[in-house]
Amino acid sequence: MPNICLRYAMNEQELYDMLSLNESLFTCARGCISRYNKIQTMLSHFKRRLAEGGLHIGGYLGSGSCGVAFEIKDKPGHMLKITKDANEAALCSLIKQKELRNVCPVKEVFAFEDTGHYGIIEKRLERLDNKDDVFMKVMESQNIHDIINRHIRGDIDESVAYRFAEASTNNIGAYHSINERRKAGRAIKQILNAIREIREFAFPDLSKSNTMKQGNTYYLIDMKLRDDKYSVDEIINQIPVLRR
């Protein structure tokens, strides 16, 4: 969906015509376009203040269920994610500037005054591709979710979880090369490390769409704040506010 929105975000009628026979995809695309246009309008109101803070917004990168991502001209290797998800903003505020190896690094978090939107400056990562085929299949399997959930609950330690995950990877990737299975195994190990890094703050939402990479390093993204330990409202109230 983000790829379609990226291509057609500035040509609504063409996108609507193309998707008119697929109601579900059409509804999703319309939501992405509406979100994109509203955020573009909002950004125009904050353009001067963003520039004063050294943020000149570049090209559109993609949309998710709650937000839109843009390049930052002044900060190569980073992007600005704008979201209405207060939970995500609160979590990112807690982990910003922490040294995390396999959780998407966050540099800054701020609120767009009274708009209900939050800006998150974070590392710009790459989507998984066909080179990650085995890893993506593993991440979508119920078996790996059971293993990782047992690890999160503390039923099994990290080394045992990795051995189970490695066995699952070899089984799922049985028709793939040894190198592909090894690569997937290393990626799974990094995901287990990410869970260890983030478990104090968040619950991971495990899926291939919530995993990204840079080179051979894999990162978890889009996690949920641990509401049994932290209050979203209390954290949000401490986030810096960007005023018009």
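A residue is called buried here when its relative accessible area is under 20%, exposed when over 50%, and partly exposed in between, with a 1.4 Å probe and protein chains only. The model is predicted, so local features need pLDDT of at least 70 and side-chain atom pairs count only at pLDDT 80 or more, while totals for chains, interfaces and linings use all residues. Residues are numbered from 1 along each chain as its sequence is written, and side-chain values use heavy atoms, with hydrogens and water left out.

The overall picture comes first. The chain holds nine helices and ten strands, taken as DSSP runs numbered from the N terminus (H or I, at least four residues, for helices; E, at least two, for strands). Of its 244 residues, 45% are buried. With contact meaning heavy atoms within 4.5 Å, residues 24 or more positions apart supply 61% of the contacts that have a separation of 6 or more. The accessible surface of the chain is about 13,100 Å², and carbon and sulfur atoms own 47% of that area, as given by the Shrake-Rupley method with a 1.4 Å probe.

What about the cysteines? With a disulfide defined as a pair of cysteine sulfur atoms within 2.5 Å, the count is zero. Cys 92 takes part in no disulfide, and its nearest cysteine sulfur, belonging to Cys 104, lies 7.7 Å away. Cys 92 is buried, at 7% relative accessibility. Cys 104 is likewise in no disulfide, the nearest cysteine sulfur being that of Cys 92, and Cys 104 is buried at 6% relative accessibility.

Helix α6 (residues 142-153) packs against helix α8 (residues 178-198) at an angle of about 30 degrees, with the axes 11 Å apart; axes are lines fitted to C-alpha atoms over the stretch in contact, and angles run from 0 to 180 degrees between N-to-C directions. The crossing of α6 and α8 is right-handed, that is, the near helix is turned clockwise from the far one by less than a right angle. On the α6 side, Ile 144, Ile 148, His 151 and Ile 152 make the contact, and they meet Ile 188, Ile 191, Leu 192 and Ile 195 of α8. These contact residues divide into seven nonpolar, one polar and no charged.

Asn 210 sits in the loop between β6 (202-203) and β7 (211-214). Asn 210 is buried, with a relative accessible area of 7%. Leaving aside residues up to four places away in sequence, Asn 210 touches Asp 205, Tyr 219, Leu 220, Ile 221 and Asp 222.

How values were computed
Ala, Val, Leu, Ile, Met, Phe, Trp, Tyr, Cys and Pro count as nonpolar, Asp, Glu, Lys and Arg as charged, and the others, Gly among them, as polar.
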